[in-house]
Amino acid sequence: MADQASRLREQMSQWIQAQQLHRDAPPEGDEAHAGVLSAPVFAVMSGKGGVGKSNLCVNLALAFAEDEMRVLVIDADTGFADVEILFDSTPLLTLCDVVAGASMEEALLATRPHVDLLAGGSGRCFDGIGEDGWARLLRAIARVSARYAWVLVDCAPGVHALAERMLKFGATPICVVTPEPTAITDGYALLKWMHVKNLGAEPWLVVNRAKSKAEADDTASRLVDAAERFLKMRVVYAGWIRDDPAVVKSVMARRPLLQLSPGSPAASNYRQLARWIRACGQTFGGDAGAKGAAR
Ligand SMILES: Nc1ncnc2c1ncn2[C@@H]1O[C@H](COP(=O)(O)OP(=O)(O)OP(=O)(O)O)[C@@H](O)[C@H]1O
Ligand SMILES: [Mg+2]
């Protein structure tokens with residue numbers, strides 16, 4: 001427990017220092033004109049697809065909202081966006097429209113109390129985003145981040161320009177894996193990509209669909225140990241989510257798990273992870289995690 005608390009402090013300290021550096025010396029390129037993030041931003045990523053990123057974003061957002069904290073969920077899986085389906089919402093404007101010049105404020109959709117969504121634009125943005133589009137998007141995210149306690153970016157699986165831009169922009173990567181060997185192997189490849197590209201110095205790790213805490217811990221330690229040994233990279237094991245049929249039911253019902261089955265085992269795991277992340281903000285005593293509280 002003491003070890004976990006010191007890890008939290010260290011992590012948050014680094015985040016705040018990184019933000020300070022960012023303020024003092026904005027990076028070169030588009031990001032230099034994109035403003036500064038005013039809230040912790042997490043890029044939820046995976047090597048393998050279908051491991052539970054979108055459900056993690058949605059339910060983590062609702063767990064923060066239960067504590068009256070405002071959250072922005074960005075569906076960054078452009079082309080194959082589906083977070084709006086999990087929320088059963090119908091966006092009029094999406095990230096693709098913001099890239100094309102639409103107002104971010106108009107594109108934000110209030111899906112639930114304290115939870116806003118920037119939808120991804122299913123079936124659109126297949127051709128990638130030009131430099132002007134990146135500048136517009138990053139500037140808009142930086143501007144609205146001041147209104148939120150947390151920003152959760154649901155990324156497409158694998159490696160791609162959007163994740164790279166978000167990590168360079170200061171987002172903390174959360175790498176999601178399951179205990180399946182294919183997901184672990186692809187998760188390691190994702191960590192290696194971050195290492196080679198010098199992105200996301202200390203990624204966080206979440207193990208989803210574990211049958212037990214022991215299985216989750218074992219999965220996490222394999223990745224944490226391999227990253228430390230072969231990449232000299234520190235990976236922070238943030239938490240785990242149980243394999244729970246209630247998640248599948250919630251997807252079929254288009255109602256987030258925390259609303260459909262608030263007492264289910266996975267719902268309590270999502271809440272525990274939210275508390276862990278929140279503790280990062282509070283333990284350090286910074287304003288991260290406290291800001292954006294709903295009034
Ligand atoms: N904790 C869980 N317990 C049981 N089933 C789960 C759990 N998490 C996710 N699932 C199942 O996995 C499916 C895929 O989840 P989700 O859409 O969140 O993954 P994803 O990583 O976002 O996928 P993609 O890479 O395609 O974006 C869900 O529809 C659900 O059926
Ligand atoms: Mg997804």
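Reader: What share of the residues in the protein is buried?
Author: Buried residues make up 49% of the 295 residues. A residue is called buried if 20 or more other C-beta atoms lie within 10 Å of its own, exposed if 12 or fewer do, and partly exposed in between, with C-beta atoms placed from the backbone. The model is predicted: local features need pLDDT of at least 70 and side-chain atom pairs count only at pLDDT 80 or more, while totals for chains, interfaces and linings use all residues. Residues are numbered from 1 along each chain as its sequence is written, and chains are lettered from A and ligands numbered from 1 in the order in which they are written.

Reader: Why is Gly-79 classed as it is, by its count of other C-beta atoms within 10 Å?
Author: Gly-79 has 15 other C-beta atoms within 10 Å, so it is partly exposed. This glycine is found in the loop between strand 2 and helix 3 (83–86). Helices (H or I, at least four residues) and strands (E, at least two) are DSSP runs numbered from the N terminus.

Reader: Which residues of helix 7 are buried, and what covers them?
Author: In helix 7 (residues 161–168), Leu-162, Ala-163, Arg-165, Met-166 and Leu-167 are buried. Their cover includes strand 1, strand 2, helix 6 (131–145), strand 5 and strand 6. Gly-170 follows helix 7 and has a positive phi, near 115°.

Reader: What makes strand 6 and strand 7 a pair?
Author: Two strands pair if DSSP finds at least two bridges between them. Strand 6 (residues 172–177) and strand 7 have 4 bridges, in the parallel sense, so by that rule they pair. Val-177 has Val-207 in strand 7 as its bridge partner.

Reader: In what order do the strands form the sheet?
Author: The order is 3-4-2-5-1-6-7-8, an open sheet of 8 strands with mixed pairing. Strand 3 (109–112) and strand 8 (236–242) are called edge strands because each pairs on one side only.

Reader: Which residues around ligand 1 come nearest?
Author: Gly-49, Gly-52, Lys-53, Ser-54 and Asn-55 do, of the 19 residues around ligand 1. A residue counts as near if its C-beta atom, placed from the backbone, lies within 6 Å of the molecule or strand. Helix 2 (53–66), strand 7 (204–210) and helix 10 (245–253) each give two or more residues to this shell.

Reader: How many residues of each class does the shell around ligand 1 have?
Author: The shell has 7 nonpolar, 7 polar and 5 charged residues. Ala, Val, Leu, Ile, Met, Phe, Trp, Tyr, Cys and Pro count as nonpolar, Asp, Glu, Lys and Arg as charged, and the others as polar, Gly among them.

Terms used
Two residues are in contact if their C-beta atoms, placed from the backbone, lie within 7 Å.
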